[in-house]
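I set out these entries in the order in which I looked things up. The sequence and model come before the notes.

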Amino acid sequence: MTLRWLAQHAGVDRALCAVVDTESNRLLGSAGLGVPLVEVDSFVLDLADINHPLAVALAGTEPASFAGEDAARWSFETPLGSSFLAIPLTRRNDPGDLGPGLLLVTERGDELVTEDVLWAAEVLGGRLMALGFRRAQIDERRHKRERVWLFGIIDAVTDPILLTDADGRILVANAGAEMLLTADDQKSEGRRRAVALNNMLFSAFLSTNNADGGGPTRRELLLVDPSEGEDLLFEVLSTPASIRAGDAGLVSVLRNVTDLRRATEEIEGNYRKLRVAEAETRAERDRLDLILNSVLDPILVTDPTGNIVLMNPPAERMFTHDSSLPDPESEKRVRANDAVFTSFVSGLYAGQSLRGRGELSLLDPQTGAIVPVEAISGKVVSRHAEDTAIVTILHDLTEAVEKAQLYEQVKRHSEELREKVREATAELADQNELLRRQAFQLEQASAAKSQFLANVSHELRTPLNAILGYTHLLLEGVSGELTRPQREKLTRVDSNSRHLLAIINDLLDIARIESGKMPIQVERLHLPVLIDEVMAEVEPLITGTSLQVTRTQVDEVPEIRTDRQKVKQIVLNLLSNALKFTPQGSVAVHLEYDDAGEQISLAVTDTGIGISEENQKTIFEAFGQADSSYAKRQNGTGLGLSICRRLANILGGRITLVSQLGAGSTFTLYLPTRPRKA
């Protein structure tokens with residue numbers, strides 16, 4: 001209205017009225033003349049910047065003129081533009097206070113600052129001051145009314161409610177809180193002490209709550225009833241609240257949960273007892289089910305009406321039918337069994353005896369075969385001598401019936417068998433005597449054979465050594481120079497004599513081994529040295545072939561304690577066989593030490609003719625050779641591998657064979673690092 005009066009009587013065409021908002025300490029646009037409403041509402045100035053020209057004008061008493069260049073300097077533009085006149089609404093209570101607002105009008109020269117404009121600004125300031133005073137009175141009356149309502153509401157609440165400041169001082173408390181935390185001098189000494197204790201406990205609670213942070217909390221607090229002296233348990237719900245600008249407080253609501261806690265503890269105790277009882281019942285039921293399921297005989301429990309209430313798996317097979325299987329015959333057999341069993345149980349209920357026994361004929365639901373059973377039943381009687389159930393065990397008598405039938409047959413055949421046994425015993429006695437004599441004769445024959453081999457070997461070696469000696473002397477030219485044909489014939493005699501000597505030595509070794517008279521000379525042996533020695537002896541044989549002979553060794557091989565001569569005999573035989581039965585290719589000797597097994601392995605591998613699976617089963621037998629044309633062309637008696645295996649066994653070792661016909665063979669000798677104990 002004032003702005004319209006200025007437009008009509010003072011010639012003002014554009015103006016803006018800005019008032020001070022004391023709560024936010026800002027200057028806000030309130031009304032405008034010739035200015036859009038949006039620009040009026042958007043006009044805001046923060047009065048915290050006391051050096052702002054408009055803030056300086058608001059604190060003054062005289063109009064202030066602003067030009068365009070001044071506005072650009074403080075980077076602020078009003079809805080009136082950058083050139084205007086600021087007139088303070090100077091009605092203030094104190095000289096240092098800010099006025100109620102500013103009146104901004106467009107500046108068109110000195111004629112605009114007239115008495116009418118100043119008078120209008122003064123009237124507008126007075127009205128704004130009066131309006132603010134009346135509003136303050138209204139707010140105060142409303143605040144008093146709301147305060148009365150608030151205290152009435154919190155006093156009506158039975159739970160104690162308190163408002164405390166940051167230091168823990170009580171600012172607001174309802175009647176319930178005052179009863180716990182306040183007591184005047186007229187109260188009894190006991191009540192005052194209880195109140196003092198409650199204040200101490202509540203202060204400690206507030207300190208703990210402040211230490212945990214500023215969020216809402218829910219905790220329990222134990223206080224004392226000042227009237228009765230009993231302990232009271234409260235659940236305290238605390239929520240931070242703003243008391244005034246910059247000050248924080250805490251609203252606490254105390255809910256008495258003493259009876260609730262007692263009821264909860266009682267319920268929890270009863271619940272624990274119930275759970276224990278349920279666990280015991282469940283365990284007892286599990287034990288009962290376990291016992292019933294572990295019994296092979298059918299067990300059934302029936303109620304007084306004859307209905308089956310419990311059965312184990314064997315009973316289910318006889319008295320239940322799987323409805324998912326379309327087998328009407330099986331269902332009929334189950335019903336027949338149920339009828340027979342119900343009739344038996346009904347007779348037991350009708351009698352006075354607590355025990356019952358009888359034989360029933362049931363049907364196998366799957367096969368239809370008759371199953372004779374013995375039913376043993378017992379009544380379960382309550383405390384009031386009432387029959388509550390009957391437990392029945394069905395024992396299958398099929399086996400007993402069959403045993404009874406078989407018993408007669410066994411008894412009938414026993415006499416026949418007894419007579420046959422007597423006859424067989426006499427015949428066995430005669431045969432045992434015959435076998436004993438034959439065994440004695442075989443032992444004598446074996447001993448005679450061994451003795452014969454030993455004697456013949458010795459007798460043959462004596463003239464054979466003489467032949468070898470004389471042949472050697474003739475070849476050396478003791479009796480004169482030999483012609484070429486004579487030397488060739490004597491060389492053949494020497495070669496065949498040495499071959500015959502090797503055969504005789506093998507026979508002698510076989511005889512010694514079989515008679516158990518093979519001597520063992522234990523000494524330290526370094527196998528790599530022994531292999532070098534064997535390789536040197538077979539060097540002439542290697543030279544006569546086109547084979548590649550190699551030897552390998554893994555790491556360091558320790559010395560062993562064994563019979564050196566017998567190990568050399570085995571290695572020499574294995575290597576000679578590999579060279580003999582390998583037309584072309586290679587022969588390899590590999591030595592390896594097994595620390596964990598405390599043994600040394602010596603493998604002789606060739607790429608020769610190999611040995612078939614059938615011949616592998618007999619290759620180590622005496623006088624056994626591989627059945628092949630190439631093997632038959634080689635000279636030998638088939639005693640070498642048999643002697644090697646027997647010598648390896650005597651030394652506590654073994655020989656293994658891995659071979660494939662046409663792909664070569666691998667003979668492996670395993671020897672312990674220490675001699676076998678006798």
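Entry 1: In what kind of contact do the side chains of Glu433 and Arg437 meet? I looked this up in a model that is predicted, and I found a salt bridge with an N to O distance of 3.2 Å. Both residues belong to helix 11 (residues 398-475), and because they are 4 residues apart there, about one helical turn separates them. I recall that an α-helix has 3.6 residues a turn, so residues three or four places apart point the same way. I noted Glu433 as partly exposed at 29% relative accessible area, and Arg437 as partly exposed at 49%.

**Entry 2: a pair in helix 7.** I then turned to Arg193, which forms a salt bridge with Glu189; their closest N and O atoms are 3.2 Å apart. The two residues are 4 residues apart in helix 7 (residues 189-212), which means a separation of about one helical turn. Arg193 is exposed, because its relative accessible area of 59% lies over the 50% cut-off. Glu189, at 41%, is partly exposed.

**Entry 3: other salt bridges.** I recorded 22 salt bridges in the structure. Is the pair Lys566 and Asp563 buried or exposed? I found Lys566 and Asp563 to be buried, and the closest N and O atoms of their salt bridge are 3.1 Å apart. I also noted one network, in which salt bridges with shared partners join Glu533, Glu537, Arg564 and Lys568.

**Entry 4: the span of helix 8.** I checked the length of helix 8 (residues 258-294). Its 37 residues, at 1.5 Å a residue, should span 54 Å, and the end C-alpha atoms lie 53 Å apart, so the two values agree. I list Thr258, Gly269 and Leu292 as buried in this helix.

Entry 5: In what order do the 5 strands of the open sheet run? I read the order as 18-20-21-23-22, with mixed pairing. Strand 18 (548-553) and strand 22 (654-659) are the edge strands, each pairing on one side only. From one strand to the next, the twist averages 15 degrees. Strand 21 (residues 599-606) and strand 23 (residues 665-672) run antiparallel and are joined by 8 bridges; Gln599 stands opposite Pro672 in strand 23.

**Entry 6: helices on the sheet.** I found helix 13 (residues 527-537) lying across strand 18, strand 20 (586-594) and strand 21, at about 170 degrees to strand 18. Helix 18 (residues 640-650) also packs on the sheet, where it touches strand 22 and strand 23. The direction of helix 18 makes about 135 degrees with that of strand 22.

How values were computed
Residues are numbered from 1 along each chain as its sequence is written. This is a predicted model: local features need pLDDT of at least 70, side-chain atom pairs count only at pLDDT 80 or more; totals for chains, interfaces and linings use all residues. Side-chain values use heavy atoms; hydrogens and water are left out. Two strands pair if DSSP finds at least two bridges between them. Axes are lines fitted to C-alpha atoms, for helices over the stretch in contact, and angles run from 0 to 180 degrees between N-to-C directions. Contact means heavy atoms within 4.5 Å. The expected span of a helix is 1.5 Å times one less than its number of residues. Buried means under 20% relative accessible area, exposed over 50%, partly exposed in between (1.4 Å probe, protein chains only). A salt bridge is a side-chain nitrogen of Lys or Arg within 4 Å of a carboxyl oxygen of Asp or Glu.
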